[in-house]
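Hi everyone, thanks for coming.

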Amino acid sequence: MAIRHPRRRRSNRSPIAASLFLLPKTLLFTAFVLVPFVYTFVLVFQRGTLLRGFTFVGADNIVALARDSLFWLTLRNTLVYILVSVPLNIIVPLSIALLISTPIRGMRVYRSLIYIPSLLSIAATGLIWKVLIDPDIGPLYKLTNQVLGLHLPYLSRGTFAIVFVALIGVWSGLGFYSIIFMAGLNDIPEDLYEAASIDGATGFRAFRTITLPLLKPVMQIVLVLVTIAAIQVFDIIYVMTQGGPGTSTYTVMWYIYQNVFGGGSIGYAAAMGVLVLIVSLVISGFYLRVTRTEGSTYE
Amino acid sequence: MSEPLTAQGTAYSRRAFLLMAALGAATACSPVTPKQQTEEQGNDGKPVELSFWKPPGQEPKAENAYFDDLSASFASSHNNDKVKHLLLPWNDALTKYTAAFGGGTAPDLSYLVLLWLNQFSSAGALAALNDVDANLDLTGFQKNAIDSAKGKDGKLYGMPYYSSRWVLALNEKIWEKAGKPALPKTYEDLGEFAKKLTFDRSGNTVGDTGFDKANIATYGLAWPGLYEIETNYLWNYLWAYGADYVSEDGKDVGFDNAGGREALTLMRKIQESGAATPMTLYSDPLKWGEVLLTGRAGVQWIAPPTAETFKKHPDARLKVLDLPSGPSGKFVVGGVGYLCISAKTKYPETALDFIKFATSDDNVSKYLQQTLLFPVRDTISADVYAPLTDSKSKKFLTDSLPQGEFMRLTRPLPYNAEQYLAGEINNYVSGQKDLDKMIKDASKQIHTMAKNAGM
């Protein structure tokens, strides 16, 4: 059926009025987004700090970055974080969304409870987990290391520490991503499942052939969001490990922060920032390509 | 094609509009060279208000109360001039200072540790005190504290306020349980001593048959791997073996030599013996602060405990140990805090008057009695702690005061080598890297950091 668009009225308002309405937003956007964004690219070719001012150094920062073993370590750590965080941030919230979409008694309470971790500040999250894994009073530590005898190193050992921090990140984002998936699930018409069940497709088959394809647009958004969040991981590192033990949980953002506020060069930090931006764009582009939504809508 | 934007009848082309925006952005982004202000601007005799930022030297409540009183006393003796004190949390202090000095909103007065003082003074963000008062009286101040705060121009950029240093302390109960073995004189001794003070949950010590390394009740030595704690004692080991954390010119590591390797190897040996706590036993600094007092560890580098700490642990008996020595002598990491004036303050003379007031012997003594920190002026003797009523903390302080002669200040570098190097050394000591690789990585990184800091 053809949709009738309301006829556009010719505006008799002055462009000056329009410009004045747009001006505050434009100024704010220019000052706080556009200028810093462009200036970051300018800084890549400079060395210095906010206090000392800057000098042009050509491609020095880029060359130094390529040779900086600590930077490559931070990239590796960030990659480990992404590899743990991204799949789990899809699988776990999706599973929970499936569970809490089922009409069972007390569901509203469960939904509220699941959202609680997402309401906590990162400082509170850090504190909770520090208590949970405390060797003297931590219930989680006691369960895993004393009752079950697993002797998990938690934040004590290199790769395990970054994996554990990533798991805390997953816990922290659980509520938010579950709600997004739940909204996606609610958008899938019940008729499709009814039709599929008549054809004999129920349970996992219905999930694979109906739910997953129709959740692709939501999945795409969540994938991009969790990947960007993982690439930019900083706050949980700041609260939980400060980059330790040793340099095991140094991530790119932590290293950028160290360079800006530890007396390093802002230009060097800007070079890292631009590289992270490029990596984010490549990954996001890759996601958009592999999760193309053609043919996945039900209309 | 879109029409040119118009405002008040004037037509601006898109190019002109973009040019204006670009010029505006360029103006906003252009670096501003701090202009040094060393002459007081007139305020027509009216009282002035100065801002003063400082991370706490004690509990925030007591710290605020102290500086409120100090400010009131200053006002009553100085034309009602006010000093508004703002307490900065240690965790965020450097970030806030950097943003404020860089953004032109620095406080008139600030308390800076040596590393920060050097970063800000070398960038021209601090006023030279000699420029404000050419006849500044520095009588009695410790020479190294004064020399370290001088810039390349030979001028003084901060007035030493007080010093802090950690002490190697022993839990006497654990020592008695171990049969009072001979106290350590060297770092080699310390490793062996720690073994004797280590007990598993069955009461076995290191070397006993059946000693269970996975179930330790008491560790001989507490070894926190947290940067903010560890940098209070880590360099003692290197210095005692004739090494340093950075080289003389500040562009390389200072431990790629025989002494440095020997010190690092010894640290790893102690860590691997099972007599030291795992560096990551706790991720909370407060938990580490309790380890010695609760008897979880026998020996630990600690800041002098307050009366409140002893009240909380009434059974704890602590003994100050002599500083262990190495082939090159004995040293203890010292931190000196300075009161500094922003290069942009309008009232440098009033600011300096406040600094002189705050650093007077009487006022510093009051502060030290509350904070249990150490003086940086020879005119303040051990008697400063005489009014303390808690006998335990008084004895601890009095016993540790003589160790001030071995205090060595950390290097005034324009970049933060300490946090990175502490982490890298931990990588080796905890067995995550071998020595050569750690030194190679650290050397490359320090070179990069120094270059980035303009060295």
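Predicted model: local features only at pLDDT ≥ 70, side-chain atom pairs only at ≥ 80, totals over all residues.

Residues are numbered from 1 along each chain as its sequence is written, while chains are lettered from A and ligands numbered from 1 in the order in which they are written.

Strands here are DSSP runs of E, at least two residues long, and helices are runs of H or I of at least four, numbered from the N terminus. Two strands pair if DSSP finds at least two bridges between them. Strand β7 (residues 167-171) of chain B runs antiparallel to β10(B), with four bridges. Strand β9 (residues 216-221) of chain B pairs with β10(B) too, in the parallel sense over two bridges; there, L221(B) stands opposite V299(B).

So how buried is β10 (residues 297-302) of chain B? Six of its six residues are buried, so the strand is largely enclosed by the rest of the structure. Buried means 20 or more other C-beta atoms, placed from the backbone, within 10 Å of a residue's own.

Now the domains, whose bounds come from an automatic or database assignment. Chain B has domain 1 (49-165 + 335-409) and domain 2 (167-333 + 412-452). Their centres, taken over C-alpha atoms, are 29 Å apart.

Methods. Buried ≥ 20, exposed ≤ 12 C-beta atoms within 10 Å, placed from the backbone.
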